[in-house]
Amino acid sequence: MDLEKIEGLIKIIEKSSLTTFSIKEGDVKISMSKIKYAPGAAEGMTVNTSAQEEGNPAEEEEQCFITSPIVGTFYAAASPDEPAFVKVGDVVKGGQTVCILEAMKLMNEIESDFDCEIEAVLVSNEQKVEYGQPLFRVNKL
């Protein structure tokens with residue numbers, strides 16, 4: 001796949017409502033996803049291209065995420081006047097609340113399943129999230 005095709009795909013995805021996209025042509029696989037990194041951050045796009053023979057599955061397995069168990073609206077804090085449940089650099093214990101997801105007018109507290117350190121917040125406050133969407137990139141302890 002040549003650079004012009006990749007640039008064309010990026011432009012199409014940026015203008016669409018898709019949040020993730022993957023294509024495989026021969027031994028090249030391209031995965032793209034739109035991610036909001038932090039409250040107030042501009043929407044960005046990450047592109048991952050790799051040849052299957054050159055891929056290093058060990059590196060991909062090292063990254064851990066806290067993902068959304070439901071479709072809903074992400075809230076970093078219990079109310080606008082309160083601080084966020086977690087921020088980058090915080091150490092979180094298993095069972096600790098990391099955010100709230102609103103679904104069908106119900107507020108669902110999302111808890112970490114394991115002890116970890118928050119490396120990145122991948123969504124913005126009040127952003128709509130999908131089932132399985134990564135909310136936080138974490139380092140398991």
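Q: What counts as a helix or a strand here?
A: Helices (H or I, at least four residues) and strands (E, at least two) are DSSP runs, numbered from the N terminus. Residue I30, for example, lies in strand β2, which covers residues 28-35.

Q: How many helices and strands are in the chain?
A: The chain has 2 helices and 11 strands. Along the sequence they follow the pattern α-β-β-β-α-β-β-β-β-β-β-β-β.

Q: What kind of model is this?
A: This is a predicted model, in which local features need pLDDT of at least 70 and side-chain atom pairs count only at pLDDT 80 or more, while totals for chains, interfaces and linings use all residues. Residues are numbered from 1 along each chain as its sequence is written, and side-chain values use heavy atoms, with hydrogens and water left out.

Q: What is the mean pLDDT of the chain?
A: The mean is 79, and 77% of the residues reach 70 or more; pLDDT is the predictor's confidence in each residue, from 0 to 100.

Q: How are I30 and I6 placed?
A: They are 24 residues apart along the chain, and their C-alpha atoms are separated by 8.6 Å.

Q: Which residues have the most contacts inside the largest nonpolar core?
A: They are F74, V98, C99, I118, L135, F136 and V138, in a core of 18 residues. The elements that give two or more residues to this core are β4, β7 (97-103), β9 and β11 (134-140). Apart from it lies another core, of 5 residues, including I6 and I30. A nonpolar core is a set of buried Ala, Val, Leu, Ile, Met, Phe, Trp, Tyr and Cys residues joined through side-chain atoms within 4.5 Å.

Q: What is F74 in contact with?
A: Leaving aside neighbours within four places in sequence, F74 is in contact with several residues, among them C99, L101, V123, V129, L135 and F136. L101 is also the bridge partner of F74 in β7.

Q: Which strands form an open sheet with β7?
A: The sheet has 4 strands in the order β8-β7-β5-β10, with antiparallel pairing. β8 (106-111) and β10 stand at its edges, each with a single partner strand, so one side of each is left without a neighbour in the sheet. Two strands pair if DSSP finds at least two bridges between them.

Q: How many bridges join β5 and β7?
A: β5 and β7 pair over 3 bridges, in the antiparallel sense. Y75, for instance, has I100 as its bridge partner in β7. On the pairing with β10, strand β5 (residues 72-75) has 2 bridges, also antiparallel, and G72 stands opposite V129 in β10.

Q: What about the open sheet with β4?
A: That sheet also has 4 strands, in the order β4-β11-β9-β6, and its pairing is antiparallel. Its edge strands are β4 (64-67) and β6 (91-92), each pairing on one side only. β6 pairs with β9 (residues 116-121) over 2 bridges, and the bridge partner of V91 in β9 is E117.

Q: Changing topic, what is the phi of M104?
A: M104 has a positive phi of about 55° although it is not a glycine. M104 is found in the loop between β7 and β8, and it counts as exposed because its relative accessibility is 79%.

Q: And what is the phi of E126?
A: E126 has a positive phi of about 70°, and E126 is not a glycine. This residue lies in the loop between β9 and β10 and is exposed, with a relative accessible area of 53%.

Terms used
Buried means under 20% relative accessible area, exposed over 50%, partly exposed in between (1.4 Å probe, protein chains only). Contact means heavy atoms within 4.5 Å.
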